[in-house]
Amino acid sequence: MKILFVCSGNTGRSPMAEFVFKKLVAGDENFVIESAASKPTSGGDLHEGIAAKLRAENIPYTKHNARQITAADYQKFDKIICMDSGNIAQVKEICGGDPDDKIKLLLSYCGENADIPWDKNGFAKTYDDILRGCKALLDSLKF
């Protein structure tokens with residue numbers, strides 16, 4: 001299962017989701033998990049506040065280099081999971097639509113039509129929502 005998490009700049013929410021999901025499936029080689037931006041990016045590592053929250057939650061992470069999603073990613077990944085509705089619109093534009101119904105909001109796996117917030121106040125809400133969404137996504141993949 002190949003999953004791509006997407007946010008606007010690929011330095012905050014989507015890499016947080018990438019590393020949270022990697023921890024949830026640690027040791028399971030059936031997953032390829034990456035993240036990307038829905039907007040053009042000049043690269044860059046994790047936002048320091050996001051990195052600090054991951055450390056506080058004992059979520060391992062690696063050096064990160066932000067990148068923008070490409071049309072080729074649509075064919076490469078089984079699921080493209082966006083952090084907000086703006087990302088969905090941008091990704092569909094880049095990918096030429098969503099004929100295979102791969103592009104979803106992360107919190108839709110929790111039955112919610114809601115965006116993941118950019119919570120600069122310690123990123124607690126961002127992390128909590130991403131964790132809930134990632135757990136629900138993983139549950140949806142189990143048979």
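Select Arg 13 to begin, and you will find this residue in helix α1, where helices (H or I, at least four residues) and strands (E, at least two) are DSSP runs numbered from the N terminus. The model you are looking at is predicted, with local features requiring pLDDT of at least 70 and side-chain atom pairs counted only at pLDDT 80 or more, while totals for chains, interfaces and linings use all residues. Residues are numbered from 1 along each chain as its sequence is written, and side-chain values use heavy atoms, leaving out hydrogens and water.

Is Arg 13 buried or exposed? Arg 13 counts as buried because its relative accessibility is 7%, the term buried meaning under 20% relative accessible area, exposed over 50%, and partly exposed in between (1.4 Å probe, protein chains only). Now display what surrounds Arg 13: leaving aside residues up to four places away in sequence, its contacts (heavy atoms within 4.5 Å) include Cys 7, Met 83, Asn 87, Trp 118, Thr 126 and Ile 130. A polar atom of the Arg 13 side chain also lies 2.9 Å from the backbone oxygen of Ile 116.

Next, select Asp 84 together with Arg 13, which form a salt bridge whose closest N and O atoms are 3.0 Å apart; a salt bridge here is a side-chain nitrogen of Lys or Arg within 4 Å of a carboxyl oxygen of Asp or Glu. Because Asp 84 sits in the loop between β3 and α4 (85-95) whereas Arg 13 belongs to helix α1, this pair ties together parts that are 71 residues apart in sequence. Asp 84, at 13% relative accessibility, counts as buried.

Move on to Glu 34 and Lys 76, another salt bridge, with the closest N and O atoms 3.4 Å apart. Glu 34 is in strand β2 (residues 32-37) and Lys 76 in helix α3 (residues 71-76), so the pair ties together parts that are 42 residues apart in sequence. Glu 34 is partly exposed, with a relative accessible area of 24%, and Lys 76, at 39% relative accessibility, counts as partly exposed. Across the whole structure, a search finds twelve salt bridges.

Now select helix α5 (residues 124-141), whose 18 residues should span 26 Å at 1.5 Å a residue, in agreement with its end C-alpha atoms being 26 Å apart; the expected span is 1.5 Å times one less than the number of residues. Among the buried residues of α5 are Tyr 127, Ile 130, Leu 131, Cys 134 and Leu 138, and the buried residues of this helix pack against β1 (2-7), α1 (13-24), α2 (48-56) and β3 (79-82). Within α5, pick out Lys 125 and Asp 129, four residues apart, or about one turn of the helix. They form a salt bridge with the closest N and O atoms 2.9 Å apart, although Lys 125 counts as partly exposed at 45% relative accessibility, whereas Asp 129 is buried, with a relative accessible area of 5%.

For the last stop, which residues of α2 are buried? The buried residues are Ile 50, Ala 51, Lys 53 and Leu 54.

Note on methods
Polar contact = N/O pair within 3.5 Å; in protein donor to acceptor, adjacent residues only side chain to side chain.
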